[in-house]
Amino acid sequence: MRTTESKLTRRSFLTGAVVAGLGAMGAGLTGCGAPRSFAQEAEKNTIDGGAYDIVVIGAGGAGMAATVGASDQGAKVLLLEKMPVAGGNTCFAEGGMNACCTKYQAEAGIQDSVDLFAADTYAGGHEKGNMELIRHMCENSNAAIEWLGSMGITLSKLGTSGGASVKRIHRPETGEAVGKYIVKGMTEQCRQRGVSAVCNTKVEELLMEDGKVAGVRATNPNGLPIVYHCKAVIVSTGGFGANHKMLAQYRPELIDAVTTNQPGTQGDGIIFSQAIGADLVDIGEIQVHPTVEQTTATLLSENIRGDGAVLVNIDGERFMNELLTRDVVSAGEWSQPEKRAWAIFDKSVADNNTSIEEKFVARDLCKVANSLDELGQKMGVPVDAFVQSITSYNDNIAADAADPFGRSKSLNPIVTAPFYAVSVAPGIHHCMGGLRVNVDAEVLDADGKPIPGLFAAGEVTGGIHGGNRLGGNAVCDINVNGRQAQETACKYVFA
């Protein structure tokens, strides 16, 4: 498995995929014999990839969590990844991992509970989520934090995210993006166990025997069909946030929206699981993230607002509580002139989030100035109105006065130069719906019965997040349910 580099971008994912595709095309064009049908070529050239206890499809956070856990239980595991590198959308997770009742919260004097975490998740999802799945995630969140920490993947820095009643988002102490940090650590854990991802290998079909999953048919890096035999499959392929044709089936108004998803999130796992009878839930629930730089689809982490950033419109004026849930903030931006906003913050926030320098300053995607007047000029907004907006915000904090927009958390004054501004608008971010699963991560059919040998975890599944996902819950989901999927799969395999 290749270690994800710090400069990994969606463009590098796409470039790698194109190169791999060209290689596959080249392989298919060799030879000058009489033309044969694809089916004939497939039958002739199908490779037997061997037998495994468990095949994990998708080497993102959920897939690697499942792989590490199953390997530790003695299972013979194969990890397949269709992209040139491992990591998936987890590579681009910025905010952190929500968890409750952790030792880090206790050390900070934060009172949290499973009930409160579950209530926040349910309310944030417009009361559409499956409470049984929600509570399972919340109840196991601290154990997932401890499990990661036991492998040196320590998430000890607390922060605030929209929709959370208390500080429960856990981040790397270094200030780096949580996804890159987890992928780097989990990649090494997989390597140590000898189960590095087999990349550029796309699963096309789940194979069944006697009503049970018995293997997968995939396309190898040379474009040839290969079959892997197994007793169980864990699907962790992510959502379909980069498949605009599939998105348009459910949310046609998003057909032209930019997406924060890496190009591999095409809904493959949903499609090939449906083909053997898997049911879907909440499939039309698709989240937009409010702070996406539109020319490059680069996500400005929710941490930035959680650490103190505010939003102003093109008139230089604040217009809402920046720490409401993502769907509400997105709607607020869409209601503004030009349907966009500027995220404003200072050096203290930038110093706390290393992605600002790496992703925005180094790529000239933000305005930087030594004074608010200068920043307003660079933004092209009415300078007097802009300076007044930020000054009023700072003065209210100093006077301990109520925020006029109802913001009550992360009221940190914007006073330390340099000052930063990033132009943002909503972008497609997360698919809340997907395969229907139970708390054991078993994939269910239309009758609500588990499909023998089929398990799933992460964004490919639905039911937890309802109509809107809270920031920090995806990283919790992939770790809690990636571990759950392998736990149940191992019990099934070794029964």
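How many aromatic pairs does the structure hold? The structure, a predicted model, holds four aromatic pairs. Rings of Phe, Tyr and Trp (its six-membered ring) pair if their centres lie within 6.5 Å; planes under 30 degrees apart count as stacked, over 60 as edge-to-face and the rest as tilted.

One of these pairs is formed by Phe240 and Tyr250 and is tilted, with 5.9 Å centre to centre and 55° between the planes. The pair links distant parts of the chain, ten residues apart: Phe240 lies in the loop between strand 8 (225-235) and helix 9 (244-250), and Tyr250 lies in helix 9. Helices (H or I, at least four residues) and strands (E, at least two) are DSSP runs, numbered from the N terminus. Phe240 is buried, at 0% relative accessibility, whereas Tyr250 is partly exposed at 28%. Buried means under 20% relative accessible area, exposed over 50%, and partly exposed in between (1.4 Å probe, protein chains only).

Phe455 and Tyr492 form an edge-to-face pair, with 5.9 Å centre to centre and 70° between the planes. Here Phe455 belongs to strand 18 (residues 450-456) and Tyr492 to helix 17 (residues 473-493), 37 residues apart. Phe455 is buried, with a relative accessible area of 2%, and Tyr492 is partly exposed at 30%.

The charged end of Lys76 sits over the ring of Tyr52, 4.9 Å from its centre; this term requires NZ of Lys or CZ of Arg within 6 Å of the ring centre and within 35 degrees of the ring normal.

Residues are numbered from 1 along each chain as its sequence is written, and side-chain values use heavy atoms, with hydrogens and water left out. Local features need pLDDT of at least 70, side-chain atom pairs count only at pLDDT 80 or more, and totals for chains, interfaces and linings use all residues.
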